[in-house]
Amino acid sequence: MRVTVSVPGKVTLLGEHAVVYGKPALVSAINRRVYITVEGRDDSNIKIFSNDIKLQGLSLKLNGEMSSFEFETWEKKSQILEPLRYILKALEVAAQHYGKKIGANIMVRSEMPIGAGLGTSAAISVGTVAAYSALLGHEMNLNEVARMGHATEVAVQGIASPMDTAITTFGGTLYIKPEGTKPFIERIDVPCDFTSVLGYTQREETTSQILRRVKAAKDQNPKVVELIMDAIGLLVEEARSCIKKGDPKSFGDLMNINHGLLDSLGVSTRALNEMVYASRSAGALGSKLTGAGGGGCMIALCPDRAKEVSLAIKLAGGVPFEVSLSSPGLRVEPPS
Ligand code: PMV
């Protein structure tokens, strides 16, 4: 049996990091996807193939075409290859949930840079859980898949909000507020033009490392950092009204404030800031880093100015790409 699923990447419109500490966030699925194929094997091995898993600029290409990593046992995990940790943990979580495991070949293909703030860890976790569950003979229940995807991220990273795994599973644009074990989720219709351009730059740190840095900053200055998190939460509430009213201009202003607060937490970089400011000079209504930061991606909200903003990002040293928001969530792909 062979199953292929695809899962979208995401942009956090507002609220990353604070969402880890219980504040709300606004997040949207983008039209770039990760494809995960799982195929049963006759033995109990797990074999993972990918032509685009990259780690800090290192492109792992064996035989010129495909990377192939073979793990003889479930316990033998890679410590260095971040995406593989998510795949292996997702398999383990699903196997434990169903009390069953079988050998499989796993093929991963991504239409966006991995580990760049676009939720690829969540997409890989959710996609692997979903495809492997199907291989084990279980129907996909989206709530269960999102929960197992989140458990995977928590196990690998130590800390993770349910934001990325929810948006990659359900798609669309979501207002999400973590509440106990089950987050509050509201689907948001985007009534006007929210054309956005992303700018990509190399990321030097993994999401786990950046999350640990923010936690250390919070432990060191709890009162100040809590105020910053509260302010981000308030921005999200305001932005939720702006998006519902169809007011991208005010939404953009809130994105700019959000970027300043993220910078104050130490998660922006010079390269990100340059792209953020260049976009605003080129006419973006708002711009901010998106995702964990430490490099990776920024987002510029720029209806009517996509070309100018793309050029500005390029001149600032980044790789621009236009995305559309509110894309569909997890889906099963037809057999190839
Ligand atoms: O950089 P990404 O795509 O892994 O996004 C991380 C988003 C955070 O809010 C920083 C962490 C989380 O778990 O929500």
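Predicted model: local features only at pLDDT ≥ 70, side-chain atom pairs only at ≥ 80, totals over all residues.
Which side chain meets Lys215 in a salt bridge? Point 5 gives the reply.

1. The protein chain holds 9 helices and 14 strands. Along the principal axes, its C-alpha atoms fill a box of roughly 55 × 45 × 40 Å.

2. **Radius of gyration.** The protein chain has 336 residues, so a compact globule would have a radius of gyration near 20 Å. The value for the protein chain is 19 Å, which agrees.

3. **Two domains.** The protein chain is divided in two. Domain 1 covers residues 2-188, and domain 2 covers residues 196-323. Their C-alpha centres lie 23 Å apart. Look next at where they touch. On the domain 1 side, 35 residues are in contact with domain 2. On the domain 2 side, 42 residues take part.

4. **The interface between the domains.** The size of an interface is often given as the accessible area lost when the parts come together. Here domain 1 and domain 2 bury about 3,100 Å² between them. Of that area, 66% is on carbon and sulfur atoms. Three residues deserve a look in the viewer: Leu14, His17 and Tyr21. Together they supply 21% of the area that domain 1 buries against domain 2.

Glu16 forms a salt bridge with Lys288, and the closest N and O atoms are 2.9 Å apart.

Which elements build the domain 1 side? Several strands and helices each supply at least two residues to the side that touches domain 2. The strands are strand 1 (2-14), strand 2 (25-40), strand 8 (173-177) and strand 9 (184-187). The helices are helix 1 (82-98) and helix 3 (142-157). By type, the residues on this side of domain 1 divide into 19 nonpolar, 10 polar and 6 charged.

5. The structure as a whole holds 15 salt bridges. Now back to the opening question. The partner of Lys215 is Asp219, at 3.0 Å from N to O. Find both residues in helix 5, which spans residues 207-220. Asp219 and Lys215 are 4 residues apart, about one turn of the helix.

Conventions:
Residues numbered from 1 in each chain as written. Heavy atoms only, no water. Domains from an automatic or database assignment. Contact = heavy atoms within 4.5 Å. Buried area = accessible area lost by both parts, 1.4 Å probe. Salt bridge = Lys/Arg side-chain N within 4 Å of Asp/Glu carboxyl O. Nonpolar A, V, L, I, M, F, W, Y, C, P; charged D, E, K, R; others polar. Rg over C-alpha atoms; globule rule 2.2 N^0.38 Å.
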